[in-house]
Amino acid sequence: MHALEQNRSFTQLIEFEIEPHQQSGLVSALSEQTECLAQGYPGFLSGSVLASDDGRWVLNYLQWQTREAGEAAFQRFEKGEQDFWQLIRAYQAKTVTFGSFQVVRSIERSPDNALHCRLAS
């Protein structure tokens with residue numbers, strides 16, 4: 001692996017297709033899981049839970065310092081108290097799609113309203 005690839009942060013995207021009446025419960029459960037990951041797993045950078053307007057989709061976004069940190073946390077977390085696969089069954093997800101991405105470029109607005117572009121180094 002090139003040095004550039006080793007220094008990029010790692011993002012996991014998990015997309016759930018569900019019935020609209022399940023959306024708020026799944027959002028709550030994923031929010032709790034994301035808080036647990038933030039508090040108990042090294043390498044956690046950020047996490048978001050997004051809900052679609054039509055109620056049929058939930059997206060869980062998790063960003064880690066490295067791929068290894070993200071994969072290790074997910075492996076340990078799914079074997080813990082809050083089994084990830086149990087969550088999928090409980091909210092009767094029709095489909096679950098996992099995606100893994102390395103952050104190559106990030107654009108952010110600073111408190112002084114300027115735009116900053118960070119490149120992976």
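This is a predicted model: local features need pLDDT of at least 70, side-chain atom pairs count only at pLDDT 80 or more; totals for chains, interfaces and linings use all residues.
Figure 1. Strands of a sheet pair through backbone hydrogen bonds, in either a parallel or an antiparallel manner. Strand 2 and strand 3 (residues 57-64) run antiparallel and are joined by seven bridges. Within this pairing, Ser46 stands opposite Gln63 in strand 3.

Figure 2. Ser9 is located in the loop between helix 1 (3-6) and strand 1 (10-17). Its relative accessibility is 15%, and because buried means under 20%, Ser9 counts as buried. The side chain of Ser9 makes a polar contact with that of Gln63 at 3.0 Å. Apart from neighbours within four places in sequence, the residues in contact with Ser9 include Leu45, Trp64, Phe101 and Val103.

**Figure 3. Phe10 in strand 1.** Phe10 belongs to strand 1 and counts as buried, with a relative accessibility of 1%. Phe10 and Trp64 are 54 residues apart along the chain, yet their C-alpha atoms are separated by 5.1 Å. When residues up to four places away in sequence are not counted, Phe10 touches Leu62, Gln63, Trp64, Gln65, Thr66, Arg67, Gly70, Ser100 and Phe101.

**Figure 4. Leu45 in strand 2.** Leu45 lies in strand 2 (residues 44-51) and, at 44% relative accessibility, counts as partly exposed. Not counting residues up to four places away in sequence, Leu45 touches Ser9, Gln63, Trp64 and Gln65. Between Leu45 and Thr11 the C-alpha to C-alpha distance is 9.5 Å, with a sequence separation of 34 residues.

**Figure 5. Salt bridges of Glu19.** Side chains of opposite charge can pair when their charged atoms come close. A search of the whole structure finds three salt bridges. In one of them, Glu19 is paired with Arg56, with the closest N and O atoms 3.7 Å apart. Glu19 lies in the loop between strand 1 and helix 2 (23-40) and Arg56 in the loop between strand 2 and strand 3, so the pair ties together parts that are 37 residues apart in sequence. Glu19 also forms a salt bridge with Lys94, for which the closest N and O atoms are 2.6 Å apart. This pair links distant parts of the chain, 75 residues apart, with Lys94 in the loop between helix 4 (84-90) and strand 4. Relative accessible areas are 28% for Glu19 and 34% for Arg56, and both residues are partly exposed. Lys94 likewise counts as partly exposed, at 47% relative accessibility.

**Figure 6. The Arg67–Glu71 pair in helix 3.** Because the two residues are four apart in helix 3 (residues 67-78), about one helical turn separates them. Arg67 counts as partly exposed at 29% relative accessibility, as does Glu71 at 35%. Elsewhere, salt bridges that share partners join Glu19, Arg56 and Lys94 into one network.

Technical notes: Residues are numbered from 1 along each chain as its sequence is written. Side-chain values use heavy atoms; hydrogens and water are left out. Buried means under 20% relative accessible area, exposed over 50%, partly exposed in between (1.4 Å probe, protein chains only). A polar contact is a pair of N or O atoms within 3.5 Å; within protein, one must be able to donate a hydrogen and the other to accept it, and residues adjacent in sequence count only if both atoms are side-chain atoms. Contact means heavy atoms within 4.5 Å. Two strands pair if DSSP finds at least two bridges between them. A salt bridge is a side-chain nitrogen of Lys or Arg within 4 Å of a carboxyl oxygen of Asp or Glu.
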